[in-house]
Amino acid sequence: MLPSKQMATRLEGAIQFRKHAAQPYDDRIFRFLPGADQISIWTLTGRIKLPFICGDRQRSLLAYRKGEVDLMLVRGKWYLAVVCDVPAPEAIGIEDVLGVDFGVVNLAFDSGGRSYTGADVEKVRSRFALKRAVLQRRGTKGAKRRLKKLSGKEARFRKHTNHVISKELVASAERSRSAIALEDLTHIRKRTKVRKAQRNRLAGWSFNQLRQFVTYKAGLRGIPVVSIDPRDTSRACRCCGVIDKANRKTQHRFSCVHCGYEAAADFVGALNIRSKGVQALGAALVISAP
Ligand SMILES: [Zn+2]
């Protein structure tokens, strides 16, 4: 988002635009030329044809294009932003629920026992944090400029990782014909009392974005997503059902004070989220034939 002072402003009746403000085109002045990877734009000096490149997936989505197209200059490259209205597929017959715990130890952990961390996430994240701290301490104009650049880079890294994780999660759910149960994230900050080092880690990740990605990717595959209240999902025992704060001695380990059941904390979380998801979906679950 651009700072508001740079946005188009109305001055003495005349509209002023930023030099490279996004330019919307409608169907009268803009066309995709079928089969040619070219667009045609009506300009002040007549119609011009321009080539464009895009991925196969994006090309297939063009069939669902709707409304205006925005031409934008982003970091020195020209992009076309196209709105596509893809019809939702038929909901698949659901036989199970995949519980997903968003966490501190792993970015995500599912009730099938799989962790989704992205091998280098922690390494890259701490490298960014270190660079940021150095630049913040310096505080010069140049340092501030580099800080801004760094935060853009970091945001793109998070976004990419969230795309990868959400894709894998949705693929797991599809394979096991499962709905996906996610925790309602409005609680995530309140529920986790963690040490400072880990608080940074949690605050620095965009779990809301990850959640949005999972939701829309699942929607495209006809996989239902249920949102559940995560209360007690990190401290309820899978074995005896006792709910106790003391069951969660560390971030990593679940250890029941009542019956002695022990497991990885995020696995227990994912299983409890799955149970709540099964409860929420109830009759919607199709019992598979033997
Ligand atoms: Zn127990």
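A residue is called buried if its relative accessible area is under 20%, exposed if over 50%, and partly exposed in between, with a 1.4 Å probe and protein chains only. The model is predicted, so local features need pLDDT of at least 70 and side-chain atom pairs count only at pLDDT 80 or more, while totals for chains, interfaces and linings use all residues. Residues are numbered from 1 along each chain as its sequence is written, and side-chain values use heavy atoms, with hydrogens and water left out.

By these cut-offs Phe-52 is buried, with a relative accessible area of 16%, and Phe-32 counts as buried at 19%.

Rings of Phe, Tyr and Trp (its six-membered ring) pair if their centres lie within 6.5 Å, and the planes count as stacked when under 30 degrees apart, edge-to-face when over 60 and tilted for the rest. The count comes to 9 aromatic pairs, among them the two edge-to-face pairs tabulated here.

| Pair | Centre to centre | Angle between planes |
|---|---|---|
| Phe-32 and Phe-52 | 5.4 Å | 75 degrees |
| Phe-157 and Trp-205 | 6.3 Å | 90 degrees |

Helices (H or I, at least four residues) and strands (E, at least two) are DSSP runs, numbered from the N terminus. Phe-32 belongs to strand β4 (residues 30-33) and Phe-52 to the loop between β6 (46-51) and α1 (56-61), so their pair ties together parts 20 residues apart in sequence. Tyr-25, Phe-30, Phe-32 and Phe-52 form one aromatic cluster.

Phe-157 and Trp-205 are both buried.
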